[in-house]
Amino acid sequence: MQMGKATLVAWLSILVLVGISSSSSNTSVKAEPINYKDALAKSILFFQGQRSGSLPAAAQQIRWRTSSGLYDGRLAHVDLSGGYYDAGDNVKFNFPMAFTTTILSWNTLEYGKRMGPQLENARAAIRWATDYLLKCARATPGRLYVGVGDPNADHKCWERPEDMNTARSVYSVSPSNPGSDVAGETAAALAAASMVFRRVDPHYSKLLLSTAKKVMQFAIQYRGSYSDSLGSAVCPFYCSYSGYKDELLWGAAWLLRATNDFTYFNFIKSLGASDSPDIFSWDNKYAGAYVLLSRRALLNRDNNFMPFKQQAEQFICRILPNSPTSSTQYTQGGLMYKLPASNLQYVTAITSLISTYSKYIAVTKQTVNCGNLVVSSRTLRNFAKRQVDYILGVNPLKMSYMVGYGPYYPKRIHHRGSSLPSLARHPQSFGCEGGFQTFFYSANPNPNILTGAVVGGPNQNDGYPDDRSDYSHSEPATYINAAIVGPLAYFAGSSKF
């Protein structure tokens with residue numbers, strides 16, 4: 001029987017995966033040493049592949065991407081060009097974009113000194129987002145723009161961002177249609193970024209912080225969920241499932257750190273937020289807020305913040321595998337496993353928190369008590385390293401889940417721009433549905449390598465089919481990468497493991 005080219009490629013791919021899986025059982029095979037500096041550089045470079053707006057020819061290293069979405073905002077008579085596409089589609093969802101910005105800023109604040117030459121690139125990645133978020137917050141008084149692009153229309157198409165012909169609908173929240181969740185996260189992003197630029201660009205830093213304060217006031221004054229206000233424009237894609245109290249806590253925590261204004265602390269106390277999470281993500285910010293606020297208890301020795309230290313440590317005890325209060329599952333290969341869809345987003349986000357908490361307790365020479373289990377900073381650091389190493393190839397398949405890192409990595413990621421020939425190679429538009437048959441359903445590897453992209457990751461059995469249509473596992477996202485930048489910088493700049 002004669003095989004078609006696509007079928008042949010598919011069979012070869014299966015054979016490669018079987019070979020990789022079989023070799024993993026051979027313990028004599030020595031794993032490739034992890035190059036954290038290389039992974040760090042690639043994890044930040046990835047953001048260039050997600051850019052929307054007018055791309056700078058000289059500074060754009062991912063060359064197969066060109067300008068797109070230049071007229072975003074026009075339907076609302078404002079300029080909302082710029083920002084990032086969230087994942088493998090061509091939509092700008094501000095809720096996850098702002099979270100991406102907050103986490104990338106936090107990791108840059110914590111690990112900037114370990115980033116070496118990547119610090120400047122991290123700042124550029126943050127600024128690409130904050131320039132856009134500033135437009136969204138300042139374009140129209142009393143209104144916060146929170147997204148561009150109709151997700152329902154966009155998801156029916158498989159086309160390059162440069163070719164978009166779907167409606168670039170503009171979405172916003174206002175006093176009559178509130179969005180405390182997206183506003184609180186936007187305020188957090190602007191406040192965190194203001195500290196990143198405080199010394200290198202004081203004027204820009206002040207603009208970020210003054211805007212953050214106004215957006216936070218909006219979030220507090222006009223309470224409500226953006227999911228209720230915008231409906232199918234954001235749900236089920238990025239519904240605020242956890243409500244908006246966590247974003248109010250998170251936003252106030254960041255403004256407290258950025259301003260040292262204890263008005264925000266008083267607001268935090270008035271919220272009475274006492275959720276006990278075992279997850280951290282673009283939707284649920286409680287654990288991140290607890291770790292951020294515990295910093296004052298640990299580094300500043302401020303007893304007012306001891307309750308947050310306790311909550312942060314309770315969270316950590318729910319994550320660690322040997323903890324008596326653990327509620328977290330692990331694959332046989334050792335990967336934290338939270339949810340089937342895009343599990344690595346939770347792995348990188350939680351690992352980022354644990355890396356940072358490890359850093360805090362190392363400085364103060366403290367430990368975490370999980371019942372009768374005493375956890376040191378080294379234990380937390382080793383835990384974080386194990387998760388990062390798994391993502392970078394120390395796993396049963398010996399596959400790196402970061403595109404372009406290591407000898408084996410996903411070749412068929414769920415990403416429109418990566419899977420379709422670039423404008424340089426194919427100047428004609430494919431149209432809305434033209435990319436499906438020839439490229440989406442193809443067994444061929446993507447023609448464009450989205451260097452540094454971390455995909456959704458393996459399933460609970462440590463398996464990964466490398467299937468473009470399996471978006472739960474093969475789709476990258478900005479918030480997955482933003483979270484792994486911190487741990488990678490931690491290990492890239494440290495010789496102690």
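What covers the buried residues of α2? Among the elements that do so are α4 (118–138), α14 (377–391) and α18 (478–492). The close-ups below start there and then move on through the rest of the fold.

This is a predicted model, where local features need pLDDT of at least 70, side-chain atom pairs count only at pLDDT 80 or more, and totals for chains, interfaces and linings use all residues. Residues are numbered from 1 along each chain as its sequence is written, and side-chain values use heavy atoms, with hydrogens and water left out.

**View 1. Helix α2 is mostly covered.** The helix spans residues 36–45, and seven of its 10 residues are buried (buried is under 20% relative accessible area, exposed is over 50%, and partly exposed is in between, using a 1.4 Å probe and protein chains only). The buried ones are Y36, A39, L40, K42, S43, I44 and L45. Helices here are DSSP runs of H or I with at least four residues, strands are E runs of at least two, and both are numbered from the N terminus.

**View 2. R65 and E162 meet in a salt bridge.** Their side chains come to 2.8 Å, N to O; a salt bridge is a side-chain nitrogen of Lys or Arg within 4 Å of a carboxyl oxygen of Asp or Glu. R65 sits in the loop between α2 and β1 (92–93), and E162 in the loop between α5 (151–154) and β3 (170–173), so the pair ties together parts that are 97 residues apart in sequence. Both R65 and E162 are buried. The structure holds 17 salt bridges.

View 3. The N to O distance is 3.5 Å. E110 is buried at 9% relative accessible area, and R257 is buried at 19%.

**View 4. K338 and D278 make a salt bridge of 3.6 Å, N to O.** K338 lies in the loop between β5 (336–337) and α13 (344–364), while D278 lies in the loop between α10 (263–271) and α11 (286–299), so parts that are 60 residues apart in sequence are tied together. K338 is buried at 14% relative accessible area, whereas D278 is partly exposed at 26%. Elsewhere, salt bridges with shared partners join E110, R257, R295 and K359 into one network.

**View 5. A483 is a buried residue in helix α18.** Its relative accessibility is 1%. Leaving aside neighbours within four places in sequence, A483 is in contact (heavy atoms within 4.5 Å) with I103, N107, T348, A349 and S352.

**View 6. E313 reaches Y357 through a polar contact.** The two side chains are joined at 2.7 Å. A polar contact is a pair of N or O atoms within 3.5 Å; within protein, one must be able to donate a hydrogen and the other to accept it, and residues adjacent in sequence count only if both atoms are side-chain atoms. E313 is in helix α12 (residues 306–319) and is buried, at 11% relative accessible area.

**View 7. Three strands make an open sheet in the order β1-β2-β3.** The pairing is antiparallel, and the edge strands are β1 and β3, each pairing on one side only. Two strands pair if DSSP finds at least two bridges between them; β2 (residues 144–148) and β3 have four. G147 stands opposite Y171 in β3.

**View 8. The structure has 32 aromatic pairs.** Rings of Phe, Tyr and Trp (its six-membered ring) pair if their centres lie within 6.5 Å; planes under 30 degrees apart count as stacked, over 60 as edge-to-face and the rest as tilted. Y238 and Y479 have centres 6.1 Å apart and planes at 85°, so they are edge-to-face. This pair links the loop between α8 (226–230) and α9 with helix α18, 241 residues apart. Both Y238 and Y479 are buried. Ring pairs link F93, F95, Y226, F237, Y238, W282 and Y479 into a cluster.
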